[in-house]
Amino acid sequence: MAKVMITGGSRGIGAATVRRFAAAGHRVYFLYEKEHGKARAVAEETGAVAICADVADEQQVKEAFRQSGGGEGVCVHLQGAVAPEEEVEEEEKKPKKETQ
């Protein structure tokens, strides 16, 4: 049984991932930022631990890992942090080529 930390676990693919790992018997912790009601529902349904944290804030992420007990485990990153449009370099806006 592994410890699993999932970002963006309150809805969508993140919530489905929480459900899947919890059903497999893992100790699951998940981060969410704004969806308090949805996070609470997922936590109650699965037995996972919901932790409110903004993944764009390094201190909040460190605190979330501390709350999970630290140590080794699996981290599934599904929550995005988006920079304001004016901070994104022109090169980053161009489509990327797929690699094989």
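**Rings, burial and a helix cap in a predicted model**

By the ring-centre rule, the count in this predicted model comes to one aromatic pair.

Q: Why is the pair of phenylalanine 30 and tyrosine 32 called tilted?
A: The ring centres lie 6.5 Å apart and the planes stand at 50°. Pairing needs centres within 6.5 Å, stacked needs planes under 30 degrees apart, and edge-to-face needs over 60.

Q: What makes phenylalanine 30 count as buried or exposed?
A: Its relative accessibility is 0%. Buried means under 20%. Phenylalanine 30 therefore counts as buried.

Q: How do you know whether tyrosine 32 is buried or exposed?
A: Tyrosine 32 has 11% relative accessibility. The cut-off for buried is under 20%, so tyrosine 32 counts as buried.

Q: Why is phenylalanine 21 called partly exposed?
A: Its value is 23%. Buried would need under 20%, and exposed over 50%. The value falls in between, so phenylalanine 21 is partly exposed.

Q: What is phenylalanine 21 in contact with, leaving aside neighbours within four places in sequence?
A: The partners are Val4, Ile6, His26, Val28 and Val76. Phenylalanine 21 itself is found in helix H1 (residues 12-23). Its C-alpha lies 9.8 Å from that of methionine 1, 20 residues apart in sequence.

Q: What makes aspartate 57 a cap of helix H3?
A: A side-chain oxygen of aspartate 57 lies 3.0 Å from the backbone nitrogen of glutamine 59. A polar contact needs N or O atoms within 3.5 Å. Aspartate 57 caps the N-terminal end of H3 (residues 58-67).

Q: Which residue with positive phi follows H3?
A: Glycine 69, with phi near 100°.

Conventions. Residues are numbered from 1 along each chain as its sequence is written. This is a predicted model: local features need pLDDT of at least 70, side-chain atom pairs count only at pLDDT 80 or more; totals for chains, interfaces and linings use all residues. Side-chain values use heavy atoms; hydrogens and water are left out. Rings of Phe, Tyr and Trp (its six-membered ring) pair if their centres lie within 6.5 Å; planes under 30 degrees apart count as stacked, over 60 as edge-to-face and the rest as tilted. Buried means under 20% relative accessible area, exposed over 50%, partly exposed in between (1.4 Å probe, protein chains only). A polar contact is a pair of N or O atoms within 3.5 Å; within protein, one must be able to donate a hydrogen and the other to accept it, and residues adjacent in sequence count only if both atoms are side-chain atoms. Helices (H or I, at least four residues) and strands (E, at least two) are DSSP runs, numbered from the N terminus. Contact means heavy atoms within 4.5 Å.
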